[in-house]
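Here is a briefing for a reader new to this structure. It begins with a working term and then goes topic by topic.

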Amino acid sequence: RSATVWAAMLEGLMPGVVSARRTLAVSLSDSDDAGGSKVGRFAREWLEHDEMRLGCPGELAFFSISRGVHMLNEGRVGLPMALCPSCCKTAAGRLRVVFIRDPVARMSSFYHGYWFPNKGHLLPGQDRLEKHALFETWVELILNGSSAMFEASDLDHVRPALHRWLGDGNVVFCLEDVEKSLQRVENALCRGYGHCTPLPRFPAVKFYKKPKRES
């Protein structure tokens with residue numbers, strides 16, 4: 001999430017994102033909208049329009065729109081392409097920046113922020129294990145990858161992001177050392193692209209704290 005927000009800041013999208021957030025907050029908070037008509041209108045006017053421009057088949061468009069609103073009850077919603085950081089399949093003419101996070105911090109963030117609140121009831125040992133022991137059990141099970149309690153999207157959060165050497169044309173951004181990583185990106189942009197303007201500050205990153213155990 002922090003990387004996406006930072007990318008939006010780099011491309012000057014944040015004023016538009018903030019404006020859209022306020023507009024949606026007002027239009028979707030109407031308590032009289034029991035039938036979800038405003039949500040449907042948002043999906044049609046914001047998201048479906050993008051799908052039509054891209055020429056997506058009907059079933060793929062439906063899936064994409066469904067994903068755009070599936071976390072609406074948590075105050076999160078998908079944005080149209082105009083408000084999303086641009087991307088390029090081949091990254092032609094761009095600096096490649098690879099974001100890397102401590103593996104334990106990555107798993108802890110996913111476990112505490114999403115998996116346990118939504119699927120924690122599936123985890124064995126709820127009535128006899130301490131919180132840190134439950135997390136350790138979850139790590140063991142998900143790394144094994146054989147349990148039926150995990151969906152493919154769950155496994156994506158623990159799958160290695162890289163399988164081979166990156167090469168010299170990439171800059172590594174380590175989320176555990178934002179200051180030095182930011183400096184590496186700035187130096188690479190200045191040296192290779194002539195862009196020597198300081199970059200926006202990177203948004204706050206939640207760090208993993210190892211739980212204390214009672215001796």
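Contact means that heavy atoms lie within 4.5 Å. By that term, the buried residues of α6 pack against α5 and α7 (152-156). Buried means under 20% relative accessible area, exposed means over 50%, and partly exposed lies in between (1.4 Å probe, protein chains only). Helices (H or I, at least four residues) and strands (E, at least two) are DSSP runs, numbered from the N terminus.

This is a predicted model, in which local features need pLDDT of at least 70 and side-chain atom pairs count only at pLDDT 80 or more, while totals for chains, interfaces and linings use all residues. Residues are numbered from 1 along each chain as its sequence is written, and side-chain values use heavy atoms, with hydrogens and water left out.

**Overall layout**

- The protein chain holds eight helices and two strands.
- Along the sequence, their order is α-α-α-α-β-α-α-α-β-α.
- The protein chain has 215 residues, and 26% of them are buried.
- Take the contacts between residues at least 6 apart in sequence: 64% of them join residues at least 24 apart.

**Helix α6**

- α6 has 14 residues.
- From its first C-alpha to its last, α6 reaches 20 Å, close to the 20 Å expected at 1.5 Å a residue. The expected span is 1.5 Å times one less than the number of residues in the helix.
- The buried residues of α6 are Ala 133, Leu 134, Phe 135, Trp 138, Val 139 and Ile 142.
- Gly 145 follows α6, and its phi is positive, near 75 degrees.

**Nonpolar cores**

- A nonpolar core is a set of buried Ala, Val, Leu, Ile, Met, Phe, Trp, Tyr and Cys residues joined through side-chain atoms within 4.5 Å.
- In soluble globular proteins, nonpolar side chains tend to be buried together.
- The largest nonpolar core has 13 residues, and Tyr 111, Trp 115, Leu 123, Trp 138 and Phe 150 touch the most other members.
- Two elements give two or more residues to this core: α5 (103-119) and α6 (131-144). The greatest contribution, five residues, is from α6.
- A second, separate core has ten residues, among them Trp 6, Leu 175, Leu 182 and Ala 188.
- Beyond its neighbours within four places in sequence, Trp 115 is in contact with Phe 110, Gly 120, Leu 122, Leu 123, Trp 138, Met 149, Phe 150 and Asp 154.

**The second largest pocket**

- A pocket is found on a 1 Å grid over the protein atoms alone: it is an open set of points where a 1.4 Å probe fits, with protein on both sides within 12 Å along at least five of seven lines. Lining residues have an atom within 4 Å of a point.
- The second largest pocket has a volume of about 720 Å³. That volume is the space filled by probe spheres set on the points, with grid points joined across faces, edges and corners.
- Its lining counts 22 residues, and Leu 10, Glu 11, Arg 94, Leu 95 and Val 97 lie nearest its centre.
- α1 (2-10), β1 (96-100) and α8 (178-193) each supply at least two lining residues. The largest share, four residues, is from α1.
- The lining divides into 15 nonpolar, three polar and four charged residues. Ala, Val, Leu, Ile, Met, Phe, Trp, Tyr, Cys and Pro count as nonpolar, Asp, Glu, Lys and Arg as charged, and the others, Gly among them, as polar.

- Phe 202 is in the segment after α8. Phe 202 counts as buried because its relative accessibility is 10%.
- Phe 202 and Leu 175 are 27 residues apart along the chain, with their C-alpha atoms separated by 9.6 Å.
- His 112 is in helix α5. At 48% relative accessibility, His 112 counts as partly exposed.
- Apart from neighbours within four places in sequence, His 112 is in contact with Pro 117 and Phe 135.
- Cys 56 sits in the loop between α3 (37-54) and α4. With 30% relative accessibility, Cys 56 is partly exposed.
- Ser 66 belongs to helix α4 (residues 58-69). Its relative accessibility of 29% makes Ser 66 partly exposed.
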